[in-house]
Amino acid sequence: MERVRQVAAVARLAARNRALRRLELAFAAFNGAEWGVWVAILVYGYAHGGANGAAAIALIQLIPSAVLAPSLATLADRKRPGRVLLASYLAMAASMGAVAAAIALSAPVAVVFALAPLVNLALSVPRPAQAALLPGLVSTPIELSAANVVSSWMENVSVLIAPAVSGLLLGVGGSQLSIAAMGGLALFAAVLVAPLPGPAPIAIDEEDDRPGMVDDVRESVAMIARDRPARLLVGLLGAQFVLIGALDLLYVVLAISVLGMGQSGAGYLSAAVGAGGLIGGVVAAALVGRRHLAPLLVCGIAAAGAALVTLGARPTVASAFLLLAVAGLGRAVFDVSGRTLLQRVAPPDMLARVFGLLESLMNACLAIGSLLVPILIAASGARAALIGAGALLILLIAATGRSLLAVDEAADVPVVEIALLRSIPLFAALPAPALETLGRALEPVDAEPGTVLMRQGERGDRYYAIAEGKLDVARNGARVATLGRGEGVGEIALLEDVPRTATVTAAERARLYALTKEPFVLALTGHPPAHRTARGVVQARRERLVQLDSG
């Protein structure tokens, strides 16, 4: 019931802001259009060339996006993000409308194949544009957090619903109807965001040179080449997109050629994977705070591989839905666990670029998966393609399992720091991933007796968690408290952006962990239960100070 109340509280917080309501509804429409149009275009490719045709149209869409998406994403930094978002939704609607019209008018297949990449290029812009727009629409950090949470919910639900709707439309009116409907969703999204231009871009000094995309990619690749754990995990996480690319084609082949479900069956099978992914996301979220994550990676990808092998061996409609859901569950567990482990092993100062390179690999790996399926089908048939895709996953994890265990054992998990944070009421409500992030940001500080850690009236820039020893707290020259392990000091100045309200001195030799202002504020204001706790702690201490001053 507490989880239900938290979910309802986040939804209400986001819904109170009219601009956020518009943005989130538009994002839901965008996600639906994205997932639905992908299934419909693959079905068209399959109808005009079998598995080879589906693979060809997938590659034609993915390759330009793999090359151009990073550059397109920077538009939201150079222009008003709301205007970029509007333009991208309009481009989605126009490109989908053009593809649907070409199919409806029986245009040559080459024309449809030439128009399809325009859809994928338009789809690569909305997420970075929305990320840039959100801060300009909210009034508090907690409202920003609520908006991001709602966006995540909508994206996950779209994986389940949109392919099924696309499948229904495919059955009623073919690819042209499904693609046209997805274009209508994109147009609806554009209408919603039209009144939201967003803030002006940050001014850039004309003498400053923007780093080029090639330079960023080159630096990230060089770092990963030197760092074996990061290289291993980026490779495995990239490999999952080979599976996704293969499955996107296998849905079509399986539904039409093997199970006789017709064109709409492709959408329904894709929805089954989405349903499993939703369950897997819940499972992985509950386990992500574990010390060892390699067993989860191994089990997740092995389960996905075994499900595909079993489905290839005995394909039926019922087993297809069940086993594809298992594959989706396993992949979700693998993805969450793998990304968490990558956060633990990647150099902190390179973390963003490592994940940026991983995202750049996504489209390339999707293209590889799309190319793999027709080769396997040509060699041994559709059922063998399913068995081959699953077997490749099992072989991959068998070959890397020992290395994964070694990486996991040596991963930089701040176990002691996390335990300390959990003992402090201010942080107790934070989920495990947030605690891990804060634990990595803590800086150890050894204070000798008499060391002044903060002075009353000074500007606050750090919070101190006490792991060992005692600290004296004095206000207006009089000692008002002595603090020990499991307590902390400095939250009032950071959360309320006011000068220090007291002077804190080490009463004895103390072992402390310092947390700078930015991660401290972001963690506590970005999680509703923790934010409520923090407000209560600050209010209690404020009331104590008023009593001391009046007494």
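Helices α10 and α15 cross with left-handed geometry. The model is predicted. This briefing covers that helix pair, then a sheet, then a single glutamate.

**Helix pair α10 and α15**
- Helix α10 spans residues 228-258, and helix α15 spans residues 382-410.
- Their axes come within 10 Å and cross at roughly 165°.
- The two helices therefore count as roughly antiparallel, because angles over 145 degrees fall in that class.
- On α10, the contact residues include Arg228, Pro229, Leu232, Leu236, Leu243, Leu250 and Val258.
- On α15, they include Ala382, Arg383, Leu386, Leu393, Thr400, Ser403 and Val407.
- By class, this contact has 18 nonpolar, 2 polar and 2 charged residues.

**Open sheet**
- Four strands form an open sheet in the order β2-β7-β4-β5.
- The pairing is antiparallel.
- Strands β2 (452-454) and β5 (478-483) sit at the edges, and each pairs on one side only.
- From one strand to the next, the twist averages 30°.
- Strand β4 (residues 471-475) runs antiparallel to β5, and 5 bridges join them.
- Asp472 stands opposite Thr482 in β5.

**Glu34**
- Glu34 belongs to helix α2, which covers residues 18-47.
- Its relative accessibility is 18%.
- Glu34 therefore counts as buried, because the cut-off is under 20%.
- Beyond its neighbours within four places in sequence, Glu34 is in contact with Leu123 and Arg127.

Key:
Residues numbered from 1 in each chain as written. Predicted model: local features only at pLDDT ≥ 70, side-chain atom pairs only at ≥ 80, totals over all residues. Heavy atoms only, no water. Pairing = 2+ DSSP bridges. Axes fitted to C-alpha atoms, helices over the stretch in contact; angles between N-to-C directions. Buried < 20%, exposed > 50% of the residue type's maximum accessible area, 1.4 Å probe, protein only. Contact = heavy atoms within 4.5 Å. Parallel < 35°, antiparallel > 145°, perpendicular 65-115°, else oblique. Left-handed = near helix turned anticlockwise from the far one by under 90°. Nonpolar A, V, L, I, M, F, W, Y, C, P; charged D, E, K, R; others polar.
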